[in-house]
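Hi everyone, thanks for coming. Let me put the sequence and the structure up, and then we can walk through a few features together.

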Amino acid sequence: MKKLLCAIFMLLLVVSPLCACYGQNEITDEMFALDTIITFKITDNDIALATDTIEKCKDEITRLENLLSATKPDSDIYNINNSKGEKVKVNAETAELIRISLDISKSCDGAFDISVYPIVKLWGFDTKEYKVPDDNELKDILNFVGFENISVSDDNFVTIKNGMNIDLGGIAKGYIANCVRSVMQEQNIDKGLINLGGMVVVYNSDENNDGWEIGVEYPDTGDVFAKFYTKTPFTVTSGAYQRFFEEDSNRYHHIIDPNTARPSDSDISSVTLITNDGVYGDALSTAFYVLGIDNTLEYIKTHKDSTGESYSFIILSKNKDKVYISSDLREGEFKLYKAYENEVEIEVVDTKFV
């Protein structure tokens, strides 16, 4: 049967900012990068400043994509992947991001692993030439997967096992999100929102405003089933409905379990994290999908985020009939849309750190 690619890039629908914008100018723009459409919305009294901020954000996105993409010739990651096991000198940003990746991998027992790129290529998710590998191919490819075979020296040399490939696709967008928010802050604009495709970045110079209203998509429908209000800088969603193909009535999605080399058989439909650090939010949203509900809730209760705060989350079950929300998103902060009030049960999880 012919294979079918389905993709949903706009995992989060930003409904509106809950703050007065009277007398201010809102500038919107977009660009294609990071394999998605990126949208910008900057509000400020100074039109020139708002426009300049968007251009600076675009430049930063382009710079970091060229530095961190596995497919860009002469990028740090491209050079590492073509090193044949020899050490490679990389930019300090690249080295630090790989260090963080390894720390996250250790903390979640490898549920997140930047070395799964050979598996991603085997399934054809990099080229869109999809195939279902046989058991022998999957067994063989696991010989070239494992974050413990990656090392980063203090002077920013990276070494990987010969035959391995790495990809920062599961964490780089979070780092880019951190950087573009820093641009908005340095420009001292009034407020701004950037949607990086599954990663929403917000900035408000006035902490007294009511924040932003963000909607979460109900997988496979394009509908928004819930909304919440936030002032927190980053919101990221991971789900198997992002990218997948179908063959012989079976669906194969892009979130790989590093232990099996197969798409993760998770009891989660989607994970949304609301966080102060885009890097950790990006990586852990993927890790949590692989870990499943029980292991994710255990992780959240025993790990704080990189800023020392508890994680805020919205986890929709595989059957899409139950949503788990962190206790800081109680009624008033999180609400189901009326059409889903009888379809989805809400369970509030106490996120008190153990």
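A word on naming: helices (H or I, at least four residues) and strands (E, at least two) are DSSP runs, numbered from the N terminus. Please keep in mind that this is a predicted model, where local features need pLDDT of at least 70, side-chain atom pairs count only at pLDDT 80 or more, and totals for chains, interfaces and linings use all residues. Residues are numbered from 1 along each chain as its sequence is written, and side-chain values use heavy atoms, with hydrogens and water left out.

Let's start with the backbone. Most residues other than glycine have a negative phi. Asp220, in the loop between β10 (212-218) and β11 (223-230), has a positive phi of about 70° and is not a glycine. Lys320, also not a glycine, has a positive phi near 60°; its place is the loop between β18 (312-317) and β19 (322-326).

Buried or exposed? Buried means under 20% relative accessible area, exposed over 50%, and partly exposed in between, using a 1.4 Å probe and protein chains only. Asp220 is partly exposed at 41%, while Lys320, at 19%, counts as buried.

Now the inside. A nonpolar core here is a set of buried Ala, Val, Leu, Ile, Met, Phe, Trp, Tyr and Cys residues joined through side-chain atoms within 4.5 Å. The largest one has 90 residues, and Ile61 and Ile98 touch the most other members. Helix α6 (residues 172-187) gives this core its largest share, eight residues. There is also a second, separate core of 20 residues, with Trp212, Val216, Ala226 and Val344 among them.
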